[in-house]
Amino acid sequence: MADARPRRPARPREEVFATARAAIAEHGLAKLTMAGLGKQLQMSAGHLLYYFGSKDQLLLETLRWSEDQLGARRRTALADGGRDVWERLGDYTRLYLPEGAGDPRWILWVEVWGRSPASEELRQGQLEIEAPWDADLVALLDEGTASGSFAAAAGATTERAAQIRALLDGLAVPLALGLPGALRARALHLAESACRTLLAPA
């Protein structure tokens, strides 16, 4: 006899990602089980594995979803050509850095970085997710250089963008982990000061 019980509909992927991000930020990926996550979502672990294949893939896709959400805000802020490029660079920095200790988005990044050395899939995915941040910053630096707002240095915007993002990453990780003395206001101040040193015309 056929099972007459109604099937529970699959959760929207956005709900899966939001729940996974919160769980990873709170407990870390090592303590996250597909069974535990499935229980929160009222789904089976097998159902989650069917869609994601592994915890690493779930981590990567959750990070991609998280960054896509923020990417829309970043593109809107940087596309406002009526505002000064320095103001828009400040917007970029504020969006890039964690909101504070335990920022779920940045805990995902820390987890990805920690697992990337053993996974080509994670390394490649990380590069793909980072690429829009890099492209948007290079475009802003090109615009600022062309207008004279930033110091001119032929062909150097890609290198400058790499320097700025390395600085922001270095400020972001202690802040996200809640290390002593790592405060968002101080990180923003240091980032602005470094950008001024690097980019301000003589």
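Tutor: Helices are DSSP runs of H or I with at least four residues, numbered from the N terminus. This is a predicted model, in which local features need pLDDT of at least 70 and side-chain atom pairs count only at pLDDT 80 or more, while totals for chains, interfaces and linings use all residues. Residues are numbered from 1 along each chain as its sequence is written, and side-chain values use heavy atoms, with hydrogens and water left out.

Student: Which element gives the largest share of the lining of the largest cavity?

Tutor: A cavity is a set of points on a 1 Å grid over the protein atoms alone where a 1.4 Å probe fits but cannot get out, and its lining residues have an atom within 4 Å of a point. Glu67, Tyr96, Arg105, Trp106, Trp109, Trp113, Glu130, Trp133, Arg165 and Asp169 line the largest cavity. Two or more of these residues come from each of α6, α7 (120-147) and α8. With four residues, the largest share belongs to α6.

Student: How many charged residues does the lining of the largest cavity have?

Tutor: Asp, Glu, Lys and Arg count as charged, Ala, Val, Leu, Ile, Met, Phe, Trp, Tyr, Cys and Pro as nonpolar, and the others, Gly among them, as polar. The lining holds five nonpolar and no polar residues, and its charged residues number five.

Student: At what angle do helix α6 and helix α8 pack?

Tutor: In α6 (residues 104-115), Trp106, Ile107, Val110 and Trp113 meet Asp169, Ala172, Val173, Ala176 and Leu177 of α8, a contact being heavy atoms within 4.5 Å. The residues of this contact divide into eight nonpolar, no polar and one charged. The axes of α6 and α8 (residues 157-177) lie 10 Å apart, and the helices pack at an angle of about 110°.

Student: How many polar residues does the contact of α1 with α4 have?

Tutor: The axes of helix α1 (residues 13-27) and α4 come within 9 Å and cross at roughly 105°. In the contact of α1 with α4, eight residues are nonpolar and three are charged, and the polar residues number three.

Definitions and conventions: Axes fitted to C-alpha atoms, helices over the stretch in contact; angles between N-to-C directions. 1 Å grid on protein atoms, 1.4 Å probe; cavity = no way out; pocket = protein on both sides within 12 Å on 5 of 7 lines; lining within 4 Å.
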